[in-house]
Amino acid sequence: MQAIYSAVSNVVSHYGWHDLVGNMGVALVLWCYLRVQSGHMRASSLQYSLGNGLGALLIMVSLMIDFNLSSFVIEVAWLGISIYGVYRYLDGRHREERHGH
């Protein structure tokens, strides 16, 4: 039990602004995923792509302070996929407007 208390105490005493920003990003990504899985949001929606992209950016900010290559690589990929999702959403709307739908 002492080891757990010591570990938690160490994390809390070293929790910085970048940890808060990164955890906000994690919460946003998880919230978007939960909304999709519960049927309250579509994975093809603009909100989903923007939420995931912003979440990835916030996590990347925290990684700039406390770098981890594997985490950074997945967040770059997550951001890229989110940008692609925004592009597809906007392209679809543009096509609908052009064809009068």
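Where does Val12 lie? Val12 is in helix 1, residues 2–13; helices here are DSSP runs of H or I with at least four residues, numbered from the N terminus.

Before going on, the basis. This is a predicted model, in which local features need pLDDT of at least 70 and side-chain atom pairs count only at pLDDT 80 or more, while totals for chains, interfaces and linings use all residues. Residues are numbered from 1 along each chain as its sequence is written, and side-chain values use heavy atoms, with hydrogens and water left out.

Back to helix 1. Val12 is exposed, with a relative accessible area of 58%; exposed means over 50%, buried under 20%, and partly exposed in between, with a 1.4 Å probe and protein chains only. Of the 12 residues of helix 1, the number buried is 0, so this helix lies largely in the open. Its end C-alpha atoms are 16 Å apart, which agrees with the 16 Å that 12 residues should span at 1.5 Å a residue. The expected span is 1.5 Å times one less than the number of residues.

Val12 also belongs to a nonpolar surface patch of about 470 Å², together with Met1, Ile4 and Val8. For such a patch, residues need over 30% relative accessible area and no salt bridge, and nonpolar side chains (Val, Leu, Ile, Met, Phe, Trp, Tyr) are joined within 5 Å. A salt bridge is a side-chain nitrogen of Lys or Arg within 4 Å of a carboxyl oxygen of Asp or Glu. The areas come from the Shrake-Rupley method with a 1.4 Å probe.

Which residues make up the largest nonpolar core? They are Ala56, Ile59, Met60, Leu63, Phe72 and Leu79, 6 residues in all. Helix 3 and helix 4 (69–98) are the elements that give two or more residues to this core, and helix 3 gives the most, with 4. A core here is a set of buried Ala, Val, Leu, Ile, Met, Phe, Trp, Tyr and Cys residues joined through side-chain atoms within 4.5 Å.

Met60, in helix 3, counts as buried at 11% relative accessibility. Leaving aside neighbours within four places in sequence, Met60 is in contact (heavy atoms within 4.5 Å) with Phe72, Glu75, Val76 and Leu79. Ala56, with neighbours up to four places away set aside, contacts Val29, Glu75, Trp78 and Leu79.

Asn52 is also in helix 3, residues 46–65, and is buried, at 3%. Beyond four places in sequence, Asn52 touches Val29, Cys32, Trp78 and Ser82.

On helix 4, the buried residues are Phe72, Glu75, Leu79, Ser82, Gly85 and Val86, and what covers them includes helix 3. An α-helix has 3.6 residues a turn, so residues three or four places apart point the same way. The 30 residues of helix 4 should span 44 Å, and the end C-alpha atoms are 43 Å apart, which agrees.

Leu46, in helix 3, is partly exposed at 21%. Outside four places in sequence, Leu46 touches Val86 and Tyr89.

Last, helix 2, residues 17–37, which holds His18. Is His18 buried or exposed? At 14% relative accessibility, His18 counts as buried. Sequence neighbours within four places aside, His18 contacts Ser62, Ile65 and Asp66. His18 and Met41 are 23 residues apart in sequence and 29 Å apart, C-alpha to C-alpha.

Notes: Patches are made of residues with over 30% relative accessible area and no salt bridge: like charges are joined within 9 Å, nonpolar side chains (Val, Leu, Ile, Met, Phe, Trp, Tyr) within 5 Å.
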